[in-house]
Amino acid sequence: TCYNHPYEPKVFQQTLLQAGDYRLDCHGNKEGRYNLLLSSAGRSQMLPGNDPANGSWQLLWAGDLDRDGKPDLIGQFSVEGGYCMQVMLSADAGPEQLLAPGELDCLSD
């Protein structure tokens, strides 16, 4: 899980996933927000899920859904009044991407 609290902000880096040369890191900043960075072989991509203050992002699953030999992710992040799940596939990624963010499936609390 990745989150940073707006009332107790801290600068940090936390590795959420390390698989081969793929690495997913959560970075917290002094404003109490976080961001997600996926990197592999000298390339990197910011992932969706950067939430407003008090938000969080959770890695639900990592593996090779599309059978292209590259990791795919399923993540869940909070939004005001609920949360969203998202499948991110490597096979659908554009030339500058490692993963293509899929459609959001959001539910309210």
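The disulfide between Cys 84 and Cys 106 is right-handed, because the torsion about its S-S bond is about 100°. The model is predicted. Two disulfides are counted in it, and a search of the whole structure finds one salt bridge. An open sheet of four strands and a nonpolar surface patch of about 390 Å² are described below.

**Disulfides**

- The sulfur atoms of Cys 84 and Cys 106 lie 2.0 Å apart.
- This pair links distant parts of the chain, with Cys 84 in strand β8 and Cys 106 in strand β9 (residues 100-108), 22 residues apart.
- Cys 84 is buried, at 3% relative accessibility, whereas Cys 106 is partly exposed, at 40%.
- Cys 2 is joined to Cys 26 by a disulfide with an S to S distance of 1.7 Å.
- Cys 2 belongs to strand β1 (residues 2-3) and Cys 26 to strand β3, so the bond ties together parts that are 24 residues apart in sequence.
- The torsion about the S-S bond of Cys 2 and Cys 26 is about 60°, and this disulfide is therefore right-handed.
- Cys 2 is buried at 0% relative accessibility, and Cys 26 is also buried at 0%.
- Counting bonded cysteines along the chain, the disulfide pattern is 1-2, 3-4.

**Four-stranded sheet**

- The strand order of the open sheet is β2-β3-β4-β5, and the pairing is antiparallel.
- Strands β2 (12-19) and β5 (43-47) are at the edges, each pairing on one side only.
- On average, neighbouring strands of this sheet are turned by 25° against each other, direction ignored.
- Seven bridges connect strand β3 (residues 22-28) with strand β4 (residues 34-40) in the antiparallel sense.
- Cys 26, which takes part in the disulfide with Cys 2, has Leu 36 in β4 as its bridge partner.

**Salt bridge**

- Arg 23 and Asp 25 form a salt bridge, and their closest N and O atoms are 2.9 Å apart.
- Asp 25 counts as buried because its relative accessibility is 5%, under the 20% limit.
- Arg 23 counts as partly exposed, at 29% relative accessibility.

**Nonpolar surface patch**

- The patch is made by Leu 60, Trp 61, Leu 65, Met 85 and Val 87.
- Strands β6 (56-63) and β8 (82-89) are the elements that give two or more residues to the patch.
- Trp 61 is placed in strand β6 and is partly exposed, with a relative accessible area of 35%.

Terms used:
Residues are numbered from 1 along each chain as its sequence is written. This is a predicted model: local features need pLDDT of at least 70, side-chain atom pairs count only at pLDDT 80 or more; totals for chains, interfaces and linings use all residues. Side-chain values use heavy atoms; hydrogens and water are left out. Two strands pair if DSSP finds at least two bridges between them. Axes are lines fitted to C-alpha atoms, for helices over the stretch in contact, and angles run from 0 to 180 degrees between N-to-C directions. Patches are made of residues with over 30% relative accessible area and no salt bridge: like charges are joined within 9 Å, nonpolar side chains (Val, Leu, Ile, Met, Phe, Trp, Tyr) within 5 Å. Accessible areas come from the Shrake-Rupley method with a 1.4 Å probe; for residues, only the protein chains shown count as cover. A salt bridge is a side-chain nitrogen of Lys or Arg within 4 Å of a carboxyl oxygen of Asp or Glu. Buried means under 20% relative accessible area, exposed over 50%, partly exposed in between (1.4 Å probe, protein chains only). A disulfide is a pair of cysteine sulfur atoms within 2.5 Å.
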